[in-house]
Amino acid sequence: MYTRVLVPLDGSTTALQVLPYAKVVAKSTGASIVLLQALNDYPRELITSVSHELATPKLFPPPAEAWIQLKASALASVQAKLEMAAADLKAEGFQVTTLTVEEDAADAIVTEAEKDPGTLIAISTHGRSGIGRWMMGSVTDKVVRQAMNPVLVVRARPGEVTSSAPQLKRVVLPLDGSERSGIAMDHAVEMAKALNLGITLVRSISPMAYGDTFADYVPTMYENLADEIETDVQDFLAHEAQQLRAAGIADVAEKAVDGYAASAILDEVGDEGDSMVVMATHGRAGIGRWVLGSVSDRVIRHSTGPVLVVRPGAES
């Protein structure tokens with residue numbers, strides 16, 4: 001399924017926390033790893049260099065010749081760090097390439113991923129910013145919204161640097177009965193096999209999800225219809241669980257939960273961050289891009305564990 005794992009880095013230690021996931025996927029699938037770093041026109045490396053090498057107060061930006069020298073120095077530093085990271089991965093037996101580009105980071109990531117439909121983007125939720133929650137407009141947000149390739153979003157924990165395998169217990173696969181949400185199933189199977197995990201199927205049962213369906217029902221009829229819907233959901237989950245077992249996943253659990261979809265998914269993940277959610281960007285909404293406030297958006301923002309986002313039309 002995956003031919004490449006594209007790992008965007010920014011020179012921070014938190015961005016490196018996605019590497020254990022990239023390694024386990026690459027090892028399981030035989031995919032190569034691509035380490036990418038984008039250097040903007042005014043990257044932090046250059047601004048830091050300016051503050052150290054040009055006595056303040058000085059005009060910013062510095063003279064053209066000095067700026068060119070600083071930029072070349074920063075580029076060389078970035079490339080050296082990428083090569084060091086690549087050397088460590090190669091020593092472990094991985095096929096690794098490095099790529100340094102001079103453009104907007106999100107655009108560079110999406111463009112590079114689109115060169116191969118089999119590319120999985122593995123990205124940390126934040127790097128240099130050091131904030132606990134990534135913000136709208138950040139690189140991660142732009143990549144998730146724009147990329148047609150699957151994106152694995154890993155929430156970095158400030159101060160932690162680890163090279164050990166991810167300590168996960170389950171893959172959580174939300175389904176809503178739509179064809180689009182089912183597209184995530186192949187990716188869930190791939191991740192479950194790569195990480196040697198079981199899969200928990202989750203589907204919410206919320207009357208609000210059915211709009212005006214219940215509007216004309218008296219309470220007794222409402223209860224009967226609700227029971228019918230719950231039975232249908234249970235049958236649906238049992239069928240999907242059988243499909244997963246046929247695909248080689250022996251440990252499959254089914255959960256039909258009363259309540260809103262995003263809350264049901266987040267409750268299943270819990271506070272420990274030891275479950276990976278695999279989900280399509282949208283299900284019933286039927287829109288081409290998921291919007292702020294949608295189920296996918298809420299889960300990515302608030303899940304304590306990693307989230308694999310699959311856009312309909314992505315390679316599977």
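**Figure 1. Overview of the predicted protein.** The protein exposes about 15300 Å², of which carbon and sulfur atoms supply 52%. It has 10 helices and 10 strands, taken as DSSP runs numbered from the N terminus (helices: H or I, at least four residues; strands: E, at least two). Of the 316 residues, 49% are buried, where buried means under 20% relative accessible area, exposed over 50% and partly exposed in between (1.4 Å probe, protein chains only). This is a predicted model, in which local features need pLDDT of at least 70, side-chain atom pairs count only at pLDDT 80 or more, and totals for chains, interfaces and linings use all residues. Residues are numbered from 1 along each chain as its sequence is written, and side-chain values use heavy atoms, with hydrogens and water left out.

**Figure 2. Close-up of strand 1 with strands 2 and 4.** Strand 1 pairs in the parallel sense with strand 2 (residues 32-38) over 5 bridges and with strand 4 (residues 119-124) over 3 bridges; pairing requires that DSSP finds at least two bridges between two strands. Valine 5 stands opposite isoleucine 33 in strand 2 and opposite leucine 120 in strand 4.

Definitions and conventions
Areas by Shrake-Rupley, 256 points an atom, 1.4 Å probe, with all protein chains shown as cover.
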